[in-house]
Amino acid sequence: MTIVDILRSSPDPTMDRCFRFFPCLADPGRRSSLCLKLVLVTIHVVYLVILFLFDGDLIEKTKKEPWYTALYLLLFGVTLIQYFATSISSPGYALDAMRAVNERNAIYRQTSETSNQSASSRNGSFIVTVEGNQTERNVSGSKATAWSKLVADLYSGSSISRTWTCTYCNVEQPPRAKHCHDCDKCVLQFDHHCVWLGNCIGQGNHCLFWWYLCEETALCLWTGVLYISYLKAHITLVWWKDAIMILLLITLAISLIFLLLLLLFHSYLILTNQTTYELVRRRRITYLRGLPERVHPFSKGVCRNVYNFCCLRSSIYNSLEPIPSPEEIKEKSRPYSCLAVVTCRCC
Ligand SMILES: [Zn+2]
Ligand SMILES: [Zn+2]
């Protein structure tokens, strides 16, 4: 054992006390995620504070037209709230979906059994008494079957005849789900694991993520406009103020380009009903391998894709998508003719 190892393993009383008050800090992953969140909030606050400290004209404008600054501050607040809402939102874990499906099935079975028993007693026929343990066994047995059956149904129409069980969480994965090694859970319609948010982006929060990108892009753009107006009016007056403002503006411009590209990319994914993971790893994913590049097997047309993305994600049954049959893939592979364009086949 080296000295470094001994130092690392030796308990630090201050850190121990800190971890006791804030248990979330004991996990290095959550610690780095909290640090990144703190950095992001600090960057936002620095841009805002410097703008109001340096730009006297903006203060004057606020006095004359308070709604303008109020709107900007509203966007600032909404963007940060959206950021935190997305970072704590559930991306839709396969394990939670499995529990929900099984519980619903168990309740349904219990209800139908109760109604059958009361019907039998009304008819004066034989009444079956079920022991507590036996009921539990039956329910748990039916739990496994309900999810397995649902997942098997999603694969049934395709040429892929088997279901996939995650080797890490031992959950049968529906199509488009993937295990995230950062979250250590299987995520439905896995898109990517966002380091800045410290959260996975999947079926449950892709819509929130897209809105966050929109708001962050708008905030960046507006802040850029305010910085440019300051520089236009005050450049060459105080050199160090100009230097700070130009440096911040350059960083802002780089962030804006990145955000705009990300927003466009995710909008394209939504319109074609794809995920980042499916687009990047297309050749490695079994249900996508061998398909022509322009064929998006889960796409139901632009309008339907947008509607499903915005409105149907909250329901497990509506959002779990089956793998299309070979006939459907063949239909989607048909080249676009003039007639297809006129009849809005892509919509
Ligand atoms: Zn898993
Ligand atoms: Zn993750």
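**Core and surroundings**

Leaving aside residues up to four places away in sequence, alanine 94 touches Val171, Gln173, Pro174, Ala177, Cys186 and Leu188. The model is a predicted one, and in it alanine 94 belongs to the largest nonpolar core, where Ala94 and Val187 are the residues with the most contacts inside that core.

*The largest nonpolar core*

- This core has 24 residues, and the elements that give two or more residues to it are helix 6 (94-122), helix 7 (132-156), strand 4 (185-187), strand 6 (199-201) and helix 8 (206-234).
- Helix 8 provides the largest share of the core, namely five residues.
- As a general background, nonpolar side chains in soluble globular proteins tend to be buried together.

*The protein as a whole*

- The protein contains 14 helices and six strands, and buried residues make up 19% of its 347 residues.
- Of the contacts in the protein with a separation of 6 or more, 66% are accounted for by residues 24 or more positions apart.

- Although alanine 218 and phenylalanine 76 are 142 residues apart in sequence, their C-alpha atoms are 9.6 Å apart in space.

*Helix 9 and its end*

- Asparagine 273 follows helix 9, and the phi of asparagine 273 is positive, near 50 degrees.

*Packing of helix 9 with helix 11*

- Two packed helices are described by the angle between their axes and the distance between the axes.
- For helix 9 (residues 239-272) and helix 11 (residues 302-311), the packing angle is about 105 degrees and the axes are 7 Å apart.
- Since angles of 65 to 115 degrees count as roughly perpendicular, helix 9 and helix 11 are therefore roughly perpendicular to each other.
- On the helix 9 side the contact involves Ile270, Leu271 and Thr272, which meet Val302, Asn305, Val306 and Phe309 in helix 11.
- Sorted by class, this contact of helix 9 with helix 11 has five nonpolar residues, two polar residues and no charged residues.

Methods:
Residues numbered from 1 in each chain as written. Chains lettered and ligands numbered in written order. Predicted model: local features only at pLDDT ≥ 70, side-chain atom pairs only at ≥ 80, totals over all residues. Axes fitted to C-alpha atoms, helices over the stretch in contact; angles between N-to-C directions. Helix = DSSP H or I, 4+ residues; strand = E, 2+ residues; numbered from the N terminus. Parallel < 35°, antiparallel > 145°, perpendicular 65-115°, else oblique. Contact = placed C-beta atoms within 7 Å. Nonpolar A, V, L, I, M, F, W, Y, C, P; charged D, E, K, R; others polar. Buried ≥ 20, exposed ≤ 12 C-beta atoms within 10 Å, placed from the backbone. Core = buried A, V, L, I, M, F, W, Y, C linked by C-beta atoms within 7 Å.
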